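Here are my notes on the model you sent over, as numbered points. Have the structure open while you read.

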Amino acid sequence: MSIWWSLHLRREAASVPLARRLLIGAMETAGVDPETSYDLAVALSEACANAVEHGGDASTGYRVTALIDGDTCRIEVTDSGPGFSGRSRPGRRPARPTRERTPASVHDEHGRGLFLIASLTDHVRVRNRPGRQGAVVSFDKILKWRDGAPPAAALLKAS
């Protein structure tokens, strides 16, 4: 058994906590350990914030898709922005992607989102949408289950 959902959201700051709350609710219902849920929620918030900031003109939205399948959660955030240029596009080291043209300083307010996503999850992929304008950020995390998890956790783990 698996659980998945997909949202099409407006490129507005208010959409970020909405996506995060839906993910946390799904994780809680499935019986995922709260620390694992928190890591995924922070990673999702960063990916959504990037889509809101860089994802195209104000009339376009972005899409969030989450899949819990067995012991893995995969999340994908797709926008309609300019995508990643060849120079700033991560791809050679998917575990530590870089989006900025220059390295982010510890004191910078921006530019660390993809690094944070990579540090909180097990695998990150960043690419341009094939044949279309936009970027796709997807990440996976192996799930840990809380003790006394509801029956949904047993069904998910069995798949």
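1. Start with Arg74 and Asp140, which form a salt bridge with the closest N and O atoms 2.7 Å apart. Keep in mind that this is a predicted model, so every distance here is computed from it. The two residues sit in distant parts of the chain, with Arg74 in strand E3 and Asp140 in strand E5, 66 residues apart.

2. Arg74 comes out at 40%, which makes it partly exposed.

3. Strands E4 and E5 (residues 135-142) run antiparallel, and six bridges join them. Helix H3 (residues 113-120) packs on the sheet here, touching E4 and E5, and its direction makes about 25° with that of E5.

4. Now the sheet as a whole. It is an open one of five strands, paired antiparallel in the order E1-E2-E3-E5-E4. Strands E1 (2-10) and E4 (123-128) are the edges, each pairing on one side only. On average, neighbouring strands are turned by 10° against each other, ignoring direction.

5. Helix H1 (residues 15-30) lies across E1, strand E2 (61-69) and strand E3 (72-78). Relative to E1, helix H1 runs at about 170°.

6. Back to charges, as the structure holds five salt bridges. Another one to look at is Asp39 with Lys141, whose closest N and O atoms are 3.6 Å apart. Asp39 belongs to helix H2 (residues 34-54) and Lys141 to strand E5, so this pair ties together parts that are 102 residues apart in sequence. Asp39 is buried at 16% relative accessibility, and Lys141 is buried too, with a relative accessible area of 11%.

7. Compare that with Glu12 and Arg10, whose side chains meet in a salt bridge at 3.7 Å, N to O. Which accessibility class does Arg10 fall into? Arg10 is exposed, with a relative accessible area of 62%, while Glu12 counts as partly exposed at 40%.

Conventions:
Residues are numbered from 1 along each chain as its sequence is written. This is a predicted model: local features need pLDDT of at least 70, side-chain atom pairs count only at pLDDT 80 or more; totals for chains, interfaces and linings use all residues. Side-chain values use heavy atoms; hydrogens and water are left out. Two strands pair if DSSP finds at least two bridges between them. Helices (H or I, at least four residues) and strands (E, at least two) are DSSP runs, numbered from the N terminus. Axes are lines fitted to C-alpha atoms, for helices over the stretch in contact, and angles run from 0 to 180 degrees between N-to-C directions. Contact means heavy atoms within 4.5 Å. A salt bridge is a side-chain nitrogen of Lys or Arg within 4 Å of a carboxyl oxygen of Asp or Glu. Buried means under 20% relative accessible area, exposed over 50%, partly exposed in between (1.4 Å probe, protein chains only).
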